[in-house]
Amino acid sequence: MTSRVGKITIRNPLLLASGILGESSGSMIRVYSSGAGGVVTKSIGMEPRDGYRNPTVYEFESGMLNAMGLPNPGIEHFSDVISRTKAAGVFTVGSIFGGDENEFSHLAGKMEAYGVDAVELNLSCPHVEGFGSELGSSPERVRSVVGAVRQAVRIPVWAKMTPNVADMGSIAAAAEEAGADAIVAINTVRAMAISARLRRPVLSNTYGGLSGEAVKYVGLRAVYEIGKKCSIPVIGVGGVRSGEDVAEYLVAGASAVQIGTAVAERGPGVFGQVADELSDFMEREGFSSLKEMIGIARR
Ligand code: RRO
């Protein structure tokens, strides 16, 4: 089950996606003990933020919509969280968001000093002005943020992409050219829920990000498409709920996957279940390593 993402080796290919249980060391340690290969923290910025007012989440049968609004304690208050996850031996990726390349470089430097194993750049939150997909929709801005972070740190730099653009491949290629070590795809799909009875949008922010089962096929398409344009590893995210979902992402070209909404729906035990299902699938289909599966749909 060992997974390689560039120079990094992870005990299995199932990582906790950013935004779910990733703000406290206790919850991340629990996720790791439940069988995750590692965790990605909640996205952390320069200052503490409360996020949007409720309702921030809308759940339905095939997924979830959220507009949390980047709530986080701020980078200066995050050092203890990382020290504790690292002391517990958890493979920890620090997710960060900023408004420009200077903020991203500062945040990445702090995360590196705190001891994270890699940094994930949130270039893709779909509903907060001045952050996320506003930067991540422009190849030039992606190039400048990734390039600046690359200069600022020695740890691996992962760039998390938005699906809400016409051509994800060229944006991922810009990240690779600027020195990213891996591409993470996808963040949530911009969407909204309406209540006909209340005659208004459901989320306080009106727009939010769609995740879960509903977006798996968008994620698979993104991983496949990015793999055609990039030679760095791709980490697949979106709607992973079973071992066979993981296998689909690997065959599409992903080196590892992240799981978010399924953890929110079913709890951290989902990691152990998905890992067992993946092993069973590999045995049934005659695969003896993850490497044999990666990208075979593209060959
Ligand atoms: O905090 C959020 O509202 C949020 C973030 Br940072 C993100 O990257 N993706 C998302 O769906 N929500």
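Modeller: Ala, Val, Leu, Ile, Met, Phe, Trp, Tyr, Cys and Pro count as nonpolar, Asp, Glu, Lys and Arg as charged, and the others, Gly among them, as polar. On that scheme, the shell around the ligand holds six nonpolar, six polar and one charged residue. This is a predicted model: local features need pLDDT of at least 70, side-chain atom pairs count only at pLDDT 80 or more, and totals for chains, interfaces and linings use all residues. Residues are numbered from 1 along each chain as its sequence is written, and side-chain values use heavy atoms, with hydrogens and water left out.

Biologist: How many residues surround the ligand, and which are the closest?

Modeller: A residue is near a molecule if one of its heavy atoms lies within 4 Å of it. Here 13 residues surround the ligand. The closest are Gly69, Asn122, His127, Asn187 and Thr188.

Biologist: Which polar side-chain atom lies 2.8 Å from an oxygen atom of the ligand?

Modeller: A polar contact is a pair of N or O atoms within 3.5 Å. His127 places a polar side-chain atom 2.8 Å from a ligand oxygen. The side chain of Asn122 also has an N or O atom 2.8 Å from an oxygen of the ligand. For Asn66 the distance from a side-chain N or O atom to a ligand oxygen is 2.9 Å. As for cover, the ligand taken alone exposes 310 Å², and the protein buries 92% of that (Shrake-Rupley method, 1.4 Å probe).

Biologist: What space does the ligand take?

Modeller: Rolling a probe the size of a water molecule over the atoms shows where empty space is left. A pocket is an open set of points on a 1 Å grid over the protein atoms alone, where a 1.4 Å probe fits, with protein on both sides within 12 Å along at least five of seven lines; lining residues have an atom within 4 Å of a point. A molecule sits in a pocket if more than half of its atoms lie within 2 Å of its grid points. The ligand takes the space of the largest pocket.

Biologist: How many residues line the largest pocket?

Modeller: The lining has 39 residues, and Ser18, Gly19, Ile20, Asn66 and Thr188 lie nearest the centre. By class, 17 are nonpolar, 17 polar and five charged.

Biologist: Where is a cis peptide bond found?

Modeller: Most residues other than glycine have a negative phi, and most peptide bonds are trans. Asn54 and Pro55 are joined by a cis bond, with omega about -5 degrees. Another cis bond runs from Ala185 to Ile186, with omega near 20 degrees. Leu21, a residue other than glycine, has a positive phi near 55 degrees.

Technical notes: A polar contact is a pair of N or O atoms within 3.5 Å; within protein, one must be able to donate a hydrogen and the other to accept it, and residues adjacent in sequence count only if both atoms are side-chain atoms.
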